[in-house]
Amino acid sequence: MRAPAELVELFRENGKKVTPQRERIFHILHGNAGHPSAEAVFARLSAEMPTVSLKTVYQTLAELVEMGELQALDLGMGATRFDPNDHPHHHLLCTRCRRIEDVDIVLPDFQELLSYRAHFAVESVELTVRGTCARCQEDLAGKGPAESRSDQRQGNHHARSRGGKDA
Ligand SMILES: [Zn+2]
Ligand SMILES: [Zn+2]
């Protein structure tokens, strides 16, 4: 995504109106690696500009996507997320808290393999890796003891009944 000042010019050149709210949205998104949803952008913007509407946010995001400045990500986790990072990259998606992180790893072999095996002219490869982020792993570890105690009780019960049949 271009710098906010450049976006202001680009919007004007394309006959689109540039309001203080829109300019603020450019600033919120520029260099934002958090992959925010429209609602998250709105929450941040309305903290600074209480009169802004969610509709303004939706419209501005849609126009940025249309102009190729912003990528709309639908990773099958509910709300569409917006990504200003225009370098080729992949995503780590935490299935617990829905945090999305960028990974800049080039996969030239994978790209070549696809072209060769599927006779497919590959333009780009974007992977979504699902799992549990570091913070959620810590959270889960903190809750561990109580859960594993009840798991153990169940485990013993199953082991007894299974043992009877298998033997
Ligand atoms: Zn997480
Ligand atoms: Zn990204």
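Strand S3 (residues 90-94) and strand S5 run parallel, with 4 bridges joining them. Keep in mind that this is a predicted model.

- Strands of a sheet pair through backbone hydrogen bonds, and they can do so either parallel or antiparallel.
- Here we have an open sheet of 3 strands, in the order S4-S3-S5, and the pairing is mixed.
- Strand S4 (100-103) and strand S5 (128-131) sit at the edges, each pairing on one side only.
- Going from one strand to the next, the twist averages 25 degrees.

- Two packed helices are described by the angle between their axes and the distance between the axes.
- For helix H2 (residues 20-29) packing with helix H3 (residues 38-48), that angle is about 125 degrees, and the axes are 10 Å apart.
- An angle over 145 degrees would count as roughly antiparallel, and 65 to 115 as roughly perpendicular, so H2 and H3 come out as oblique to each other.
- As for handedness, H2 and H3 cross in a right-handed way.

**Who touches whom**

- On the H2 side, the contact is made by Gln21, Arg24, Ile25 and Ile28.
- Facing them from H3 are Val41, Arg44, Leu45 and Glu48.
- Sorted by class, this H2 with H3 contact has 4 nonpolar, 1 polar and 3 charged residues.

Definitions and conventions. Residues are numbered from 1 along each chain as its sequence is written. Chains are lettered from A and ligands numbered from 1 in the order in which they are written. This is a predicted model: local features need pLDDT of at least 70, side-chain atom pairs count only at pLDDT 80 or more; totals for chains, interfaces and linings use all residues. Axes are lines fitted to C-alpha atoms, for helices over the stretch in contact, and angles run from 0 to 180 degrees between N-to-C directions. Helices (H or I, at least four residues) and strands (E, at least two) are DSSP runs, numbered from the N terminus. Angles under 35 degrees count as roughly parallel, over 145 as roughly antiparallel, 65 to 115 as roughly perpendicular and the rest as oblique. A crossing is left-handed if the near helix is turned anticlockwise from the far one by less than a right angle, and right-handed if clockwise. Two residues are in contact if their C-beta atoms, placed from the backbone, lie within 7 Å. Ala, Val, Leu, Ile, Met, Phe, Trp, Tyr, Cys and Pro count as nonpolar, Asp, Glu, Lys and Arg as charged, and the others, Gly among them, as polar. Two strands pair if DSSP finds at least two bridges between them.
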